[in-house]
Amino acid sequence: MKNDLLLLDGDAVAGKMKEQLAERVKQLAVKGVVPCLATILVGDDPSSATYVRMKGNACRRLGIQSIRVELPAHTTTEQLIGEIQKLNDDPAVHGILLQHPVPHHIDERAAFEAIRINKDVDGVTTLGFAQNAFGFADFPSCTPAAIMAILDHYQISIEGKHAVVIGRSPILGKPVSAMLLNRNATVTTCHSKTENLMDMVQLGDIVVAAVGKPKFVQGDWIKPGAVVLDAGYNKGNIGDVDYEECLRNAGAITPVPGSVGPVTIATLLKHTVDAAEKTAALSSHS
Ligand code: NAP
């Protein structure tokens, strides 16, 4: 490993965030408020069940209440929306997370849109997406926000840098591109139809990999000194970046696992506490 290589330690970033959150949870308890995240799992996909369990455990460790709604795979779009509306109307619930993906027969977009904006702590609604693009979202999508939190934790400068994002999904590639642009980076967003991808990535001072393909980003695509953030999480704990190869050129890099993932969960907890604080502030004024 090069001496000047900076490893971007997501566990450390998440640990710091959780320390601050624990204090805020205590302060809310004094006012009689317990932040509460409701997670909805439809069907029995084992990875989704694991993610939901991890999120619930993370909540409990911090004193955040976690409600789990588990629905059978044959749930209809209407039934799912009905469950979301119950949670929208429940004043004790501050955040709602619908675990993605839902079974194919469900209109996932319609279900996401049913989440009320003040409870959309995972940033999945079109309104939340638009607010993020404008730069004033309360709850931007969690993984993009985690990537920005890592850059900020390590005081990596963004303004004026060329950021290359590989991937344009509505929960990751597009919102992180918008966030980098809002912070005055020059942003190139690549996707499956991008021509000369390697040439594009080689322009990046900051490279975000959000492709969903193990070890997709090659070492020789990385400009010497570039900052590489790997959001990928593939079977076998493998990222979207060929980590060993990219180490040679990168100036800073996130290992997988232990980087973007834990900060994503900490961001979800932070959004839930933010939402609970907002509700508490509103009820103290009414
Ligand atoms: P997604 O919806 O499947 O999107 C993948 C994106 O990659 C698409 O925009 C696609 O382009 C692009 N792509 C696919 N093949 C490509 C190629 N050959 N060249 C260039 N671009 C290509 O995935 P996602 O939900 O954004 O997730 C991306 C990765 O992040 C996955 O590994 C996922 O597991 C991980 N993830 C991690 C977290 C976390 O908490 N750490 C959270 C969410 C996701 P098109 O648009 O043209 O199809």
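Me: Just after α6, which residue takes a positive phi?

Reply: Glutamine 155 does, with a phi of about 50°. Keep in mind that this is a predicted model.

Me: How many residues does α6 have, and how far does it reach?

Reply: Helix α6 covers residues 142-153, which makes 12 residues. From its first C-alpha to its last, the helix reaches 16 Å. That is close to the 16 Å expected at 1.5 Å a residue.

Me: Is α6 mostly covered or mostly open?

Reply: Mostly covered: nine of its 12 residues are buried. Here, buried means under 20% relative accessible area. The buried residues are Cys142, Thr143, Pro144, Ala145, Ala146, Ile147, Met148, Ile150 and Leu151.

Me: What covers the buried residues of α6?

Reply: Both helices and strands take part. The cover includes the helices α1 (10-30), α7 and α10 (260-285). The strands β7 (206-209) and β8 (227-230) are also included.

Me: Aspartate 152 is in helix α6 too. Is aspartate 152 buried or partly exposed?

Reply: Aspartate 152 counts as partly exposed, because its relative accessibility is 36%. Its side chain meets that of arginine 183 in a salt bridge, 2.8 Å from N to O. This pair links distant parts of the chain, 31 residues apart. Aspartate 152 sits in helix α6, and arginine 183 in the loop between α7 and β6 (186-190). Arginine 183 has a relative accessible area of 34%, so it is partly exposed as well.

Me: How many salt bridges does the structure hold?

Reply: There are 12. One of them joins arginine 109 and glutamate 113, at 2.5 Å from N to O.

Me: Where do arginine 109 and glutamate 113 sit, and how many residues apart are they?

Reply: Start with the general idea. An α-helix has 3.6 residues a turn, so residues three or four places apart point the same way. Now the case here. Arginine 109 and glutamate 113 are four residues apart in helix α4 (residues 108-113), so about one helical turn separates them. Arginine 109 is partly exposed at 33% relative accessibility. Glutamate 113 is partly exposed too, with a relative accessible area of 32%.

Me: Which residue forms a salt bridge with lysine 270?

Reply: Aspartate 274 does, with the closest N and O atoms 3.0 Å apart.

Me: Are lysine 270 and aspartate 274 buried or partly exposed?

Reply: Take them one at a time. Lysine 270 has a relative accessible area of 32%, so it is partly exposed. Aspartate 274 stands at 13%, so it counts as buried.

Me: Which residues are linked with Lys270 and Asp274 in a network of salt bridges?

Reply: Arg24 and Glu277. Together with Lys270 and Asp274, they make up the network.

Me: Now the cysteines. How many disulfides are there?

Reply: First the idea. A disulfide is a covalent bond between the sulfur atoms of two cysteines. To count one, the two sulfur atoms must lie within 2.5 Å. By this rule the count is zero. Take cysteine 36: the nearest cysteine sulfur, that of cysteine 59, is 8.2 Å away. Cysteine 36 counts as buried, because its relative accessibility is 0%.

Me: Where does UniProt place the feature "binding site"?

Reply: The unreviewed UniProt entry puts it at Gly167, Arg168 and Ser169. Such annotations may be inferred rather than shown by experiment. Glycine 167 lies in the loop between β5 (162-166) and α7 (173-182). Serine 169 is also placed in the loop between β5 and α7.

Me: Are glycine 167 and serine 169 buried or partly exposed?

Reply: Glycine 167 is buried, because its relative accessible area is 10%. Serine 169 is partly exposed, because its relative accessible area is 26%.

Me: Which domains does the chain have?

Reply: The domain assignment gives domain 1 (31-117) and domain 2 (141-261). Their centres, taken over C-alpha atoms, are 28 Å apart.

Note on methods. Residues are numbered from 1 along each chain as its sequence is written. This is a predicted model: local features need pLDDT of at least 70, side-chain atom pairs count only at pLDDT 80 or more; totals for chains, interfaces and linings use all residues. Side-chain values use heavy atoms; hydrogens and water are left out. Helices (H or I, at least four residues) and strands (E, at least two) are DSSP runs, numbered from the N terminus. Buried means under 20% relative accessible area, exposed over 50%, partly exposed in between (1.4 Å probe, protein chains only). The expected span of a helix is 1.5 Å times one less than its number of residues. Contact means heavy atoms within 4.5 Å. A salt bridge is a side-chain nitrogen of Lys or Arg within 4 Å of a carboxyl oxygen of Asp or Glu. Domain bounds come from an automatic or database domain assignment.
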